[in-house]
Amino acid sequence: MNREILPLRAALAWALLAAIAATAFALATYSNVPPSSDVWDYAQEARQLARGEGFTSLYTYPVHLGHDSPPFPVRWRMPLYAAVGAAFLKLGMPLPAGYFAVGIASHALLVGLLFLLASHLHSARAGAIAAAAAIASPLLLDPYSAALSQLPAAALALGVWLLLLRGSGVVSACGAALLAAAAWYLRGESLVMVPVWIWAASSGGRPRRGAAFALLYLALCVPWLIALRISVGAAAPIQGNPMLLYTAQYPGYSSSRAYGEAMPGMLAYAIHHPVALLWRFAKDAVGYGVDLLWGLGPIAVGLGIAGLLLREANVRWRSLAPALPLLVAAAIQIAAFSFLERSPRFLVPAMPLLCAALGIAAAPSLDRFCGRRMVVAIFAVLLLERGATLTFETREAARRFPPLPKARAGELTERVQRLPRSALIWTDVPDWVAWHLDRPGLLLPLWRQMDRVAADHPAAGIFLSPEARARNLADGEREWVRAIERGEPIPSWDGPEVLTGGARLYLPARHPAR
């Protein structure tokens, strides 16, 4: 490891370049946020907090509905990102603009810290390669998941790594625990990193340092679990079983759309469907590997392979020893979500760690090039390739998942304003409805359970976005797909009324059939 003074000026330069790239990305994606984006969920939760209604939501999922009435307890998110949004609203900054500002700052911080971490583990050259690989990666600047909480959580996690690996005393371990707890309050899955963080804190024969980290982390996180137990009756911050998503037994999000049915827990599902679970793990692990190669890019990966091959055979892999904790943590992250859910955004915590390891591996490949001009040219090509990939992905995301026009919210509000405000709007985009209409929403229940849900919870309407067919097709809901394709009426509902852009609205029947 490099114990020299860290190159802070170079880190600031990389952070500034990252801020410029993230600002351009934000300008390109701000007006193209798709209706299914989680940013609308965070925004409406932040508005609830700003109103003094606590950490609640105006929408929920049928699997969580039970006997609750709006506003609903949030059973699927951690509270810190919503609290940040609430602070923005209190200060007069609109959402989701505030979240895009957080994304810009987080990306700049992440790239700067990544440069410092790789510089500490190896050299400034390794840090530069790592930062260049990350600065315009479509996994970090993800046009499909812009302005979400993964990026600030990953930046905080890099701070944890730098404090644990650079520092040596209890004070640095306590500082790392503060950042680790903040990352957990942003993203609950950061918990999978904790064992590796304790290992890193304890390495070098310092068990007291590891114990200090673990105890402070627990002291900061346990109060939220106690508060949840008191308020909603369960100490689990993320309820439900994501392992069921996109399985043969529960296609797509059908498990989240089930109302009043007992869903198997993780252990029960693993015991009853071991072959399906192992097949999912293998398939998703390979898929995550492909996603990582795409996120790192061919030039960066090529430099890493070249750097390893240029080393002597007997020290080739030992050169990566300083990055071993990072590689272990990345492997745990990927393995955990290979069992749970396949989505590139869950690679965000692992991506900077692998960039740091890649920088260490690739450093000799640049050291062998003669002259500064060649090195500058390599970096220029790497940055241009990453920028071109990100530009393509940004345009493709806007084409595949276009935003809903703002006029759509006005149309909906006009048609449902006479109905009780407590009545639920069933929709495939409940977070968009909750934010734009400021009315309670419910993810579309399963077709076979519509009458049961309507009997227990008054409904204001059914809003189907232009993407509703794809959502129901993925969830195996053939009856919904048929009704959407043929424009058929739904029993006990009037409609459909076609809205701007092809969306459809059903309203409760004035004289329901008996």
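**Cores, cavities and local geometry of the predicted model**

Proline 491 sits in the loop between helix H21 (478-486) and strand S7 (493-498); helices (H or I, at least four residues) and strands (E, at least two) are DSSP runs, numbered from the N terminus. The model is a predicted one, in which local features need pLDDT of at least 70 and side-chain atom pairs count only at pLDDT 80 or more, while totals for chains, interfaces and linings use all residues. Residues are numbered from 1 along each chain as its sequence is written, and side-chain values use heavy atoms, with hydrogens and water left out.

With a relative accessible area of 55%, proline 491 is exposed; here buried means under 20% relative accessible area, exposed over 50%, and partly exposed in between (1.4 Å probe, protein chains only).

The interior comes next. In soluble globular proteins, nonpolar side chains tend to be buried together. A nonpolar core is taken as a set of buried Ala, Val, Leu, Ile, Met, Phe, Trp, Tyr and Cys residues joined through side-chain atoms within 4.5 Å. The largest such core has 139 residues, and those with the most contacts inside it are Trp161, Trp197, Phe213, Leu326, Trp432 and Phe463. Helix H15 (residues 350-367) supplies the largest share of this core, 13 residues. Apart from this core lies another, of 18 residues, which includes Leu65, Val453, Ala468 and Ile490.

Not counting residues up to four places away in sequence, tryptophan 161 touches Leu117, Arg166, Val196, Trp197, Ala200, Pro325, Leu326, Ala329 and Leu353, where contact means heavy atoms within 4.5 Å. Ring pairs also link Trp161 with Trp197, Phe213 and Tyr217 in a cluster. For such pairs, rings of Phe, Tyr and Trp (its six-membered ring) must have centres within 6.5 Å; planes under 30 degrees apart count as stacked, over 60 as edge-to-face and the rest as tilted.

By this rule the count comes to 20 aromatic pairs. One of them joins tyrosine 81 and tyrosine 99, whose ring centres are 4.3 Å apart and whose planes meet at 20°, so the pair is stacked. Tyrosine 81 lies in helix H4 (residues 80-90) and tyrosine 99 in helix H5, so the pair ties together parts that are 18 residues apart in sequence. Tyrosine 81 is buried at 1% relative accessibility, and tyrosine 99 is buried at 0%.

Serine 172, in helix H8 (residues 170-186), is likewise buried, with a relative accessible area of 15%. Leaving aside neighbours within four places in sequence, serine 172 is in contact with Leu163, Gly167 and Arg209.

Grid points are joined across faces, edges and corners, and a volume is the space filled by probe spheres set on the points. The structure holds 3 cavities of 30 Å³ or more. Of the 18 residues that line it, Leu140, Ser145, Ala146, Ala147 and Leu151 are the closest to its centre. Helix H1 (8-29), helix H5 (97-121) and helix H7 (150-166) are the elements that each give two or more residues to this lining. By class, the lining of the largest cavity has 13 nonpolar, 3 polar and 2 charged residues; Ala, Val, Leu, Ile, Met, Phe, Trp, Tyr, Cys and Pro count as nonpolar, Asp, Glu, Lys and Arg as charged, and the others, Gly among them, as polar.

The second largest cavity has a volume of about 80 Å³. Among its lining residues are Gln150, Arg187, Glu189, Trp197 and Pro349. H7 gives the largest share of this lining, 4 residues.

Some backbone values also deserve a look. Most residues other than glycine have a negative phi, and most peptide bonds are trans. The peptide bond from proline 70 to proline 71 is cis, with omega near -5°, and proline 71 is in the loop between helix H3 (62-65) and strand S3 (72-73). Another cis peptide bond joins glycine 495 and proline 496, with omega about 15°; proline 496 belongs to strand S7. Tyrosine 246 has a positive phi, near 55°, and is partly exposed at 45% relative accessibility.

Key: On a 1 Å grid over the protein atoms alone, a cavity is a set of points where a 1.4 Å probe fits but cannot get out, and a pocket is an open set with protein on both sides within 12 Å along at least five of seven lines; lining residues have an atom within 4 Å of a point.
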